[in-house]
Amino acid sequence: MLKLYLRTVRNRSLQVVFRRQIHKNYSGKTLPFSSRNWLVHPQKFKYLPKSEQDTTASTVIPLQFEKSDNKANNGNIYLEDKEFRENLDKALTQAHSNLLIGYTNYDIFSANATWMRLRELLYYQLSHISELKPLSSFQLTAPELLKPTNPGDLLNQLLSVNQIPDHIWKSVLEKEEYSVAEQYYFILKNFYYFIRNQEIEPQTRPSWSDVDSGLDISNPSEWFPEARKLKRTIIMHIGPTNSGKTYNALQKLKQCQRGYYAGPLRLLAREVYDKFQSDGIRCNLLTGEEVIEDLDSMGNRAGLTSGTVEMIPLNEEFDVCVLDEVQMVGDKERGWAWTNAILGVQASEIHLCGEESVLPLMNKIVKLTGDTLVVNKYKRLGTLEIEHQPLAGKFKGLKAGDCVIAFSKKTILDLKLTIERQTDLKVAVIYGSLPPETRVKQAKLFNSGEYDVLVASDAIGMGLNLSINRVIFTSAEKFNGVEVLPLTFSNIKQIGGRAGRYKPPGRDNSGDGPSVGHITALDYDTLRAVRRGINAPVQFLEKAVVWPTDDLINNLISYYPPGTKVSVLLKKFQENISSCSNKMFELSNIVDRVEALSTFEDMRGLTLWDKLKLSNAPIRLSPLVSRTFNSFCKTIAERSTTSLLNYNLPFVLLHRKFIKDESVSLQFYEEFHQVINLYCWLHIRYPQLFVDYESAIDLKNLCEMIIFKKLEFLKQNPYRKTLNSNQTRNSRFQQEKRRHNLPFPKRI
């Protein structure tokens, strides 16, 4: 009987799903597909009445609203407008007749689930009309009518049918005379197919590993077939901070013909590039915002490249590839770049520099890839001492060469102002949202001795050469965006290890002997936590973070219905990787990716390749950056050519006169710098669309100068202001417009 049933399922992929489910669940008593929707992942219909939550084709057409829920139903046009209700009921009847009747076997499960989801949308939107996009600002266009992209617009489309000209309705309905109910049916039908293709079908499709491709997407080592053809040697350089790991790996890179250095920051990539150039070694620079090709007299590129880890070309062959800070494979946001490089780079030798915490995980990975693993262990060059007492006299106990660690911009700037007010010391600052170039300038001022003390976040944990004698922790906890959590032992070791790293002239640890770094804290509790972290045994990484390549997504999406969203596909990847038996890998933070995709995924004119590129854009959540990024996406969708000056941005504020003007905040210039940086990032990927790169660089340099000077002349903490910063900023914009009698540049 089972074999006979399987023969009736003509789709081979579905046969695979049937057999898998049978082997997994069949107890020998009843067939697992006795339930009609066993194939579909369980659907949750929060706003659909329980009486309608059945997989059989419902014959209930009028929507059944609970009379007791008067508050939710207030303003419900279905209950209050008899004509609208009658037309919608007719349209639902026609949709039910045309879209659900006549299906057999597997298709009926999909059809019924889609029908229930469509009705749930109607229930929700009719009873929560105040939460929808205001009808006054909604514009129904012909493309959206023909191919909807947002389920949240269903009710607004029904209420806006008169926005579409009569001749278009005659064309799409293929009728000279038509009723409102027929217009409603056309909209319901299109949303029905949208829901089926985007939400229901992808959940009933097997993963790629089930079809004839032979690729198991739950095993990321198989994503890189060209790398699997090579016999690679992976050489690990592991040890604490200031042990010479990267230095030794770079000596090997210098000796090869074709090689790549991959750093965690473009500052590090630039530092290696400058070092190679000063040593007379030809080298290219490749980062997300800057590309410099070292060409000889014949126009040939240099064989060596220094760049960021995200930019490694996995389709090129190298003799040697150096991956710095390899323990980043476990980072939820960026770890995928390291993991994908380890799995996919086509190099004879791969040198991995980082902490010992990654060693057991690498042992497991090489068993999957078939590579040879060689381990070189290093000891710290110098000693690290934890002081027995907290900082004496609090800030008056600070000395030149000290670095005070804090974990928020507000606290860092507070500390800078407090230390300068209570002592004669000059204070440099470093934190994550400062432009990298500004961070370098602040570091140079501190290293040279021109500034005495550094106040910094954990951004100093990697990537900057700093002449620190003593690291002073203000806290052993950090806010991660959701809650305050203790610092990990790895965090403490990485930050504390910066002490005694370099021996500049005039500092206490200068001389011929090994450097000595000191660590303390502002209070006893923090000092105890720091000592515990420094002395703790190594915490080994358990998982490496991965992300599917653009080629993989492009190939995989062909197995799904036309128009399937990338976000739907990513959730499928997450399911497969989380179900992998070896549990070595996990997908990068999918929530943030899907949120980023939502800003442009439905934008017409963007190709799949555009969406994949834009999903990696370096954007941070702020109104100015988000709004401008949306304009940049529209430029790509329209394939128009623009300069940065074509966008409606407050360029008038990029002027030296605002350096001491605290009504235009430091935060504003940090966000403005992110916008310019984003434009440069897009220029690298779309040089024909985002032009006049030189002007963008000039504006970027000007913005960095203003930020640097604002830090120098800082008199009060801008993050302590109680006024709405956007309101203050907008007020300043208006004043400048009136003063100069100039409109802001309009986008062309």
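In the predicted model, Asp-81 occupies the loop that links α3 (77–80) to α4 (82–99). The relative accessibility of Asp-81 is 31%, and the residue is therefore classed as partly exposed. Asp-81 also contributes to a surface patch of negative charge, in which it is grouped with Glu-80, Glu-83 and Glu-86.

A polar atom of the Ser-615 side chain is placed 2.7 Å from the backbone oxygen of Leu-612.

Leu-522 is located in the loop between β16 (516–521) and α18 (524–535), and its relative accessible area of 21% makes it partly exposed. Although Leu-522 and Leu-391 are 131 residues apart along the chain, their C-alpha atoms are separated by 5.3 Å.

Ser-578 belongs to helix α20, which comprises residues 566–578. This serine has a relative accessibility of 45% and thus counts as partly exposed. Between Ser-578 and Ser-218 the C-alpha to C-alpha distance is 7.8 Å, while the separation in sequence amounts to 360 residues.

Methods. Residues are numbered from 1 along each chain as its sequence is written. This is a predicted model: local features need pLDDT of at least 70, side-chain atom pairs count only at pLDDT 80 or more; totals for chains, interfaces and linings use all residues. Side-chain values use heavy atoms; hydrogens and water are left out. Patches are made of residues with over 30% relative accessible area and no salt bridge: like charges are joined within 9 Å, nonpolar side chains (Val, Leu, Ile, Met, Phe, Trp, Tyr) within 5 Å. Accessible areas come from the Shrake-Rupley method with a 1.4 Å probe; for residues, only the protein chains shown count as cover. A salt bridge is a side-chain nitrogen of Lys or Arg within 4 Å of a carboxyl oxygen of Asp or Glu. Lys and Arg count as positive and Asp and Glu as negative; His and the chain ends are not counted. The place of a charge is taken as NZ of Lys, CZ of Arg, CG of Asp or CD of Glu. Helices (H or I, at least four residues) and strands (E, at least two) are DSSP runs, numbered from the N terminus. Buried means under 20% relative accessible area, exposed over 50%, partly exposed in between (1.4 Å probe, protein chains only). A polar contact is a pair of N or O atoms within 3.5 Å; within protein, one must be able to donate a hydrogen and the other to accept it, and residues adjacent in sequence count only if both atoms are side-chain atoms.
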